[in-house]
Amino acid sequence: MTSRDRILARIRRAAAGGPEVDIPRDYLRVHGARTPAQTADLLAANLAEYRARVHRADEGGLVPLLARLLAARGSRQVLVPAGLPVRWTADVDATLVPDRQTSTIRELDGVDSVVTGCALAVAETGTIVLDAGPGQGRRRITLIPDHHVCVVRVPDQVVDSVPQALERLDPTRPLTWISGPSATSDIELDRVEGVHGPRALDVILLTAPGAQ
Amino acid sequence: MTGTHLGMPAFPEAAREAVRDGVLRANLRHATHTIRDKRARAVAELADWDRLRAAGKAVKDHTLRHLDRYLLQLEAAVTAAGGTVHWAADADEANRIVTGLVLATGEREVVKVKSMATQEIGLNEALEAAGIAAYETDLAELIVQLGHDRPSHILVPAIHRNRAEIRDIFRTEMGRWGRPAPEALGDDPRELAEAARLHLREKFLRAKVAVSGANFMVAETGTMVVLESEGNGRMCLTLPETLISVVGVEKVVPTFRDLEIFLQTLPRSSTAERMNPYTTMWTGLGPSRGADGDGPTAFHLVLLDNGRTDTLADEVGRQALRCIRCSACLNVCPVYERAGGHAYGSVYPGPIGAILSPQLRGTSSEIDASLPYASTLCGACYEVCPVAIDIPEVLLHLRERVAQGGPVTRDGIRVTLRPAHGHTAERAAMRAARLLLDHPGALRAGMRLLARARRLRPRRLPGPGRAWTDTRELPAVPAESFRDWWTRERGNPQ
Ligand code: SF4
């Protein structure tokens, strides 16, 4: 008898005849009623509470903002995934490094910043979710560089709650949920940003014209 | 759980040692109170907390009732997505499987994401015996590993260490394992974290094999979920070529949608955050089968029993399998606060450890027989538990088993446990009591909490109290706490 069969047989013996359980789904889909603008404000507030730096821009303002953020950081090498709109980085005064499958980890480690879009953002928890779709690249490019700039389209990429987020995500894609920069509280519970992931997270809420 | 507890003193002795250690107690008290207060605020933010808690409990109970079906569904989904599933009946088998998988890669080093399951089976020791070095990458686990120490808390395993101790450990130990700590390393948490970052980055960038656990596995899709804060998890789950995840069979949930419950309740119960900084979800090798360099090119899932199906066979005790390892119950426990995590003699400390370890391992050793007595039965652990495990109820049940014997399932076989000799059970209880009586603060905390509403109403006291209650009526509410019983039996302890 294989261990698989043995374990399954034990489970059947142990659980047989147990009570059937219905799962109550009367918990809330969203906590509160908000306009799209209020949802964006909540996202901004929750991101900021976990020490992400939040900025707002429209299409026109995005280009100079990105250039300014990267310059302020002194970034000389900026990683850009395939599918990131080319015009976003038009004014960036640094070498743009396209993410290539052949890029080694050491090469990625030599990059200063990375700019990506996202799949969606969750206002109630201050979370951005990446699913490796266009403009997001592979998991590793938002992990190894020390500075991540993430652009969230408002309102269409923003949901209020975790239940709404899961509804919109495809579980077969590689999903990375990010809430603030990397952090640890392991030493006397003092929160320290940046252990292994990026130590700085800039989130740009990109408003569609006339949205706000 | 093979061997990990051998030679350890039973709870009462270990606890008496711990309460004498002033530094340890100060560290613990600060930590548990800080997390406890923050948690209450994070939970209060959700108006539907009680409903989320009820739903989480129901999802787990439903899954346990049909665990065979969901595990088979999970296996099919993971396999279809390019992963390989292994089944391990016990710790030895799991260790054998993982060791074999690592050796087959030709590597002699693995990086590890913090995982209770691999601690439970003693995987690091098994790998070491096979000539494989396992590096813990969670900062707290690193502190524990470098300090030749054992974890003392589920969430913050090095909670018993203060910054000066950590600096000393880094200074003396880091160099033996890789990049040494900077010469003038101070004890500022920022500096210490930076030293860990540099030390570990060297390992991440060259690691070819990673070992992890998982917080959840989704049967429907084969998706694995790991929650963490530091990014070491993301590093291990993304960069190596081979990923091996060792996960208890009880961690499966039926649908992707079910995560909407636990992704709300786990972070708030655990770190008191709305959401933990990083969550990674992956399904087998993903749509590209790892071919585009977005994750490992080989994924192995080791499904671990190791006493879980025996626990499932116990109608009262099986609720311990609902546990999502948030650690909220540790932080409110007056006994844990005084005694510290090491006293429990297992990788699962605190109230959950007191009911889980004796079930996973059986109650034949003295420590496991004494664990059900390591409580004031104040009920605070039940109140905070996000999956509503009635820990006091299970404690009473296990006390009864220790004292009275009865039917249990060991290794899948139904056996009848003989009652512990009267004096053995009594001794376990008396020692636990002495610990508490020496430190009335723990008792007072228990008393305060006891006043809150509880649903536990045993008809009579199990264990050593039983002979007494056999001839007397117990007051209905609140249930007799150990302290009440003691007070009545021996007079006022203060
Ligand atoms: S028993 Fe409940 S409170 Fe304790 S760790 Fe498990 S889920 Fe959390």
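View 1. Three bridges link strand 5 (residues 120–122) of chain A to strand 6 of chain A, and the two strands pair in the antiparallel sense. In this predicted model, the bridge partner of A:L120 is A:V129 in strand 6 of chain A. The two strands form a hairpin with 4 residues between them, and A:G126, in the turn, has a positive phi of about 65°. Strand 6 of chain A also pairs with strand 9 (residues 175–178) of chain A, again in the antiparallel sense and over 3 bridges; here A:L130 stands opposite A:T176. Within strand 6 (residues 127–130) of chain A, A:T127 and A:V129 point one way, whereas A:I128 and A:L130 point the other way. All of these residues are buried.

**View 2. The parallel sheet of chain B.** An open sheet of 6 strands has the order 1-10-7-4-2-3, with parallel pairing. Its edges are strand 1 (84–88) and strand 3 (133–136) of chain B, each of which pairs on one side only. On average, neighbouring strands of this sheet are turned by 25° against each other, direction ignored.

**View 3. Surroundings of B:E109.** B:E109 lies in strand 2 (residues 109–112) of chain B. The residue counts as partly exposed because its relative accessibility is 26%. Leaving aside neighbours within four places in sequence, B:E109 is in contact with B:I132, B:A133, B:Y135, B:R206 and B:V209. With one of these, B:R206, the side chain of B:E109 makes a polar contact of 3.0 Å. B:R190, by comparison, is 81 residues from B:E109 in sequence and 28 Å from B:E109 in space, C-alpha to C-alpha.

**View 4. Packing of helices 8 and 9 of chain B.** The axes of helix 8 (residues 139–146) and helix 9 (residues 163–177) of chain B come within 9 Å and cross at roughly 75°. The two helices of chain B are therefore roughly perpendicular. Helix 8 of chain B contributes B:L139, B:L142, B:I143 and B:L146 to the contact. From helix 9 of chain B, the residues involved are B:I166, B:I169, B:F170, B:E173, B:M174 and B:W177.

**View 5. The hairpin of strands 11 and 12 of chain B.** Strand 11 (residues 406–410) of chain B runs antiparallel to strand 12 of chain B, and 5 bridges join them. B:R410 has B:I413 of strand 12 as its bridge partner. The hairpin has 2 residues between its strands, and B:D411 in the turn has a positive phi of about 50°.

**View 6. Confidence of the prediction.** The predictor gives the complex an ipTM of 0.96 and a pTM of 0.88. Chain B averages a pLDDT of 83, and 80% of its residues score at least 70. The pLDDT is below 50 over residues 1–8 of chain B, a stretch with 19 contacts in the model beyond near neighbours in sequence. Residues 440–494 of chain B also have a pLDDT below 50; beyond near neighbours in sequence, this stretch has 101 contacts in the model.

Notes:
Residues are numbered from 1 along each chain as its sequence is written. Chains are lettered from A and ligands numbered from 1 in the order in which they are written. Side-chain values use heavy atoms; hydrogens and water are left out. Two strands pair if DSSP finds at least two bridges between them. Axes are lines fitted to C-alpha atoms, for helices over the stretch in contact, and angles run from 0 to 180 degrees between N-to-C directions. Buried means under 20% relative accessible area, exposed over 50%, partly exposed in between (1.4 Å probe, protein chains only). Contact means heavy atoms within 4.5 Å. A polar contact is a pair of N or O atoms within 3.5 Å; within protein, one must be able to donate a hydrogen and the other to accept it, and residues adjacent in sequence count only if both atoms are side-chain atoms. pLDDT is the predictor's confidence in each residue, from 0 to 100. Angles under 35 degrees count as roughly parallel, over 145 as roughly antiparallel, 65 to 115 as roughly perpendicular and the rest as oblique.
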